[in-house]
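Hi,

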Amino acid sequence: MRIEMEPSASLASTSSPASSASAATTSSNSRSIDRDGTRENDNHTSCENEADTLATSPTAASIFARQRPAYEKLAIGPLMVFGEMITGGHYLEVLRLGKQMTTGRSASDCPSYRSLHQTCVADSGGFVPAFYRGFLPWGLAQCLKGVPVLFVQSEALYQLRTRAGWSQGAAEKASGFIGGASMGIFVCPLQVVKVQVVASPHMNAMSPFQACVKVVREKGLSSLYHGLLPMTIRRSLDWGIRFTVSSEVKSRVVERRRAAGRSTDLPVIELIGCGLVGGAFSALTHPIDNVITNSQKPMPPGAKRDLLSVVKRMYAESGHRAFTRGFAIKIVDNAYHMAWMYGVGTVVYDHIRNTLTPEGGRM
């Protein structure tokens, strides 16, 4: 049985002289493993270094060889979102949405985070109800937004490297954008409903089905995809930046550890740190996020919701502040979210991989 190898992924040579001579005439971008596990290589040292680099990638399980896609990531994504949301991520998002939906040109027109928190606690009847306001069932349902991103990113990375022949760095950056776009398409209806719930407290008492029916009856089926274009653009840019920055930070940390003669296997705390930095940088997409929120919030019947109309209305109501409100909490929210997805998620996936393949094989 032969296992397909990713073109640029090469391993240390343990072949016989005959096989080595054969490998010397083979392109450096073609590698294979025979039935006995004999590895063909034309450059022992450089390939060892490249293998070490690839082994430190957050998608290492799909780099060398695989027998199937990393389907585990379809479950790991929602699990990481759930962990992040129940430990504070959901409430950060509630406060951010409250900030984003205010109007007015002066700073006094926009409530402070402290004021928003106090209002939320008063309206909800206590801190704990406020902390999880809208989480059941809406926030819980939105955990589904984690379904596509890690899996699609991993699969796109593998395909770009094996079929398109892209370098590790270029493929990892592009795959982040692709994974983010898939997330935007997937999560748009859930986000529309959540914005409606946050803006309309009486909808908290409704079941997900009842609320969806209410939105569709009052605004039409197409309303579930209000803001789809900016949502897709924003998620694509957001996750592209997250993976690009996180992987770059991780590469630098790995190089420092290697130079110091330490293991290149990063502990969970350092992986979380890489995710925190990548998530914080992704807050640069916040103006687009504000446009999305304003295109989805409740508005008078007949109000235009296309991208240009929403941008014009936001500027007319609040000036440039309309595009920057909630930026501070967005940095915190994104950093915390990516710490879970990139840091904890990598550790969980590696644990699952090692459990299913205890001898260190690739899935």
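Which share of the contacts in the protein chain with a separation of 6 or more comes from residues 24 or more positions apart? The figure is 77%. Bear in mind that this is a predicted model.

Overall picture first. The protein chain has 14 helices and two strands. Of its 363 residues, 49% are buried. The accessible surface is about 16,700 Å². Carbon and sulfur atoms account for 62% of that surface.

The largest nonpolar core contains 20 residues. Within this core, the residues with the most contacts are V149, L150, W239, F243, M338 and M341. Five elements are listed as giving two or more residues to the core: α3 (73-100), α7 (146-162), α10 (228-259), α11 (268-281) and α14 (327-356).

Setting aside neighbours within four places in sequence, L150 is in contact with K73, I76, G77, F243 and M341.

Last, a loop position. A303 sits between α12 (286-296) and α13 (307-318). Is A303 buried, exposed or partly exposed? A303 has a relative accessible area of 28%, so it counts as partly exposed: the cut-offs are under 20% for buried and over 50% for exposed. R313 is 10 residues from A303 along the chain, and their C-alpha atoms are 9.9 Å apart.

Best wishes

Note on methods. Residues are numbered from 1 along each chain as its sequence is written. This is a predicted model: local features need pLDDT of at least 70, side-chain atom pairs count only at pLDDT 80 or more; totals for chains, interfaces and linings use all residues. Side-chain values use heavy atoms; hydrogens and water are left out. A nonpolar core is a set of buried Ala, Val, Leu, Ile, Met, Phe, Trp, Tyr and Cys residues joined through side-chain atoms within 4.5 Å. Buried means under 20% relative accessible area, exposed over 50%, partly exposed in between (1.4 Å probe, protein chains only). Helices (H or I, at least four residues) and strands (E, at least two) are DSSP runs, numbered from the N terminus. Contact means heavy atoms within 4.5 Å. Accessible areas come from the Shrake-Rupley method with a 1.4 Å probe; for residues, only the protein chains shown count as cover.
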